[in-house]
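Please examine the following model with attention to its nonpolar cores and its salt bridges. The discussion begins with a single side chain and then turns to the wider packing.

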Amino acid sequence: MLEIKHISKKYKDFHLNDISFSVKGGDYFVLLGESGAGKSLILEIIAGLVAPDNGEVTMNGKNITNDKIQKRGIGLVFQDYAVFPHLTVKANIAFPLKSRGLNKHEINEKVSELAKKMSIDHLLERRPNTLSGGELQRVALARTLALEPDCLLLDEPLASLDVQLRDDLRSLLRQINNEGITIVHITHDFEEAVALADKVGIIHNGKIIQEASPKEVFHNPKSKFIANFAGIKNFYKAEIKLGETIILDKKVEIVNVSGKTQCSGFVMFRSEDVVVSGRKTESSICNNYQGRVIEMIPTKHGIELIVDAGIIVSALITQQSSDKMSLAKDSSVWISIKASAIRFIESS
Amino acid sequence: MKSSYNILNLIFILLGGLVLLFIIAPLLGMVINTSSAEIIETTKDTEVQKSIWLTLSISFVSTLVFAIAAIPLSYLLARKDFLGKGLVLGIINLPVVIPHSAAGIAILGFISRDSVIGKIAESLGLTLVGNPTGIAVAMAFVSVPFLLNAARDGFAAVPERLEKAALNLGASPTRVFFRISLPLAARSIFSGLILMFARGMSEFGAVVIVAYHPMTTPVLIYERFGAFGLSYARPVSVVFILVCLVFFIALRLMAKEKQK
């Protein structure tokens, strides 16, 4: 089990603030956050490349905060791979094996086993400058696995790969994890997190703001930032007083079907659940608001309308609907949100 | 616009050509004014042969010996920040700016029989003044900045990430230095070694003060000029320059080969 306890690190223009999380042995933990959120720094602190100002890192109960980098048994795959340019692929993979004091025969055996597993056995005599990004990534992975680490740290491993290679590498990472290696993987891609993680930690402005299973993060996001990460655009602070309404962002009221009273939290609904019409129509929907189109963004599923209706609402409609209603920027529209599509999350 | 650019180019080429001519003309003039018979005769002169061999070998050994300490210092200067680093950087470049005759006087004081080092050397049965060891010290003093600077640039150009990655892969700092940092900086270090060697063997000012004898070639050229005049000094100069050029070109080619 890897535990990060109250880690802080201050730089002139950035600081990590009281970071704590734990990863069970064999788990796949994804740390999700925007670029510049401090994700890479956390990995560097775990690996020992950077010393924290405060806090500790423990591995299986042992405090390793001040242990030497080379004694930690934690493998780090850098975002830019850091494959040694003057060594062949084979020598790169053999590098940690030599540090471990294996003999030549054992090294050769292990190198070819790892190369086969990573499907780079045909590249062993090549120099890194002749390899593609995907190949370099595999060399870096094979090299780190040769260390037989207790824990593998991956810094944006899929970021610079094309779609096909991503799928391949994802299944490879899953396979490595299934073999029992604990993985801490950092990314800014929510989909990547959902696809791989047992547990997701969300980091924002140098702080972990939610730590849960991907499902829970998706269904129960703790902030607008996380909801946006999960692809939910309509996310508002909500307040329920006595009555039958929920007040969103202190501006707009919607019908309260949550059954809760006198509490606050968040309300969210999907862009697909917002119905747009040219004028007010009689229907069973209770939440109807007049608004103005402030932006029209083409997406692969149609058009995303951004409507100012007191609160900013995102609605997804088809191109045909948009044409039929002759929508343009500044058009006046009515939006309707079915009460059953609205989810209220009480804040803890 | 285009024509003014062309005129500017023309002026630059002209000025550049003058500088090149300034370097080449005296050397070429010297070679032209020396007959091949004179050159052949000079190469047979045992005093000349001995001095060239002495100069090359002392410079070579002094470069290698001082490199053992200079390369680690370059690494420290490239990688570590410490109090007084600016001062250290200034100090290592001092020999480039001070007059070499003054450097010779300083070294002489440092290694003479009356100095601590001179006394220690003497107790070991070694005389530094008027000895190849003294010459090596003088050569190193004036030429070591070239190695230090080139090696420091070389180490600074090695991405620190690679060193950290190597540590993360379980290598000891010593192994990281020898397997990662040193090979990746090798080209710059090699260039630095060439420059140090070349600068050392051409040194006159500091060497002549520390050791007139045994005579290195630059001192021999000076002596022949003083005793017999220009026409006697010229063939030795030509031969020594040719030898220097052969070494310099060969080493440069080797450095290029390494680059590939």
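Is A:Glu304 buried or exposed? In this predicted model, A:Glu304 has a relative accessible area of 8%, and because buried means under 20%, it counts as buried. Its salt-bridge partner is A:Lys233, at an N to O distance of 3.2 Å. A:Glu304 belongs to strand E17 (residues 302-309) of chain A, whereas A:Lys233 sits in the loop between helix H8 (224-229) and strand E11 (234-240), so the pair ties together parts 71 residues apart in sequence. A:Lys233 itself is partly exposed, with a relative accessible area of 40%.

A further salt bridge joins A:Glu156 to A:Lys39, with the closest N and O atoms 3.6 Å apart. The former lies in the loop between strand E7 (151-155) and helix H5 (163-178) of chain A and the latter in helix H1 (residues 39-47), so this pair ties together parts that are 117 residues apart in sequence. Here both A:Glu156 and A:Lys39 are buried. Over all chains, the structure holds 19 salt bridges.

The nonpolar packing may be considered next. The largest nonpolar core has 54 residues, and A:Ile93 and A:Ile120 are among those that touch the most other members. Helix H4 (residues 133-145) of chain A supplies the largest share of this core, six residues. Domain 1 (2-229) and domain 2 (235-346) of chain A both contribute residues, so the core lies between them. Beyond its neighbours within four places in sequence, A:Ile93 is in contact with residues including A:Val111, A:Leu124 and A:Arg143. A second, separate core comprises 43 residues, including A:Ile4 and A:Cys151.

Notes
Residues numbered from 1 in each chain as written. Chains lettered and ligands numbered in written order. Predicted model: local features only at pLDDT ≥ 70, side-chain atom pairs only at ≥ 80, totals over all residues. Heavy atoms only, no water. Core = buried A, V, L, I, M, F, W, Y, C linked by side-chain atoms within 4.5 Å. Buried < 20%, exposed > 50% of the residue type's maximum accessible area, 1.4 Å probe, protein only. Helix = DSSP H or I, 4+ residues; strand = E, 2+ residues; numbered from the N terminus. Domains from an automatic or database assignment. Contact = heavy atoms within 4.5 Å. Salt bridge = Lys/Arg side-chain N within 4 Å of Asp/Glu carboxyl O.
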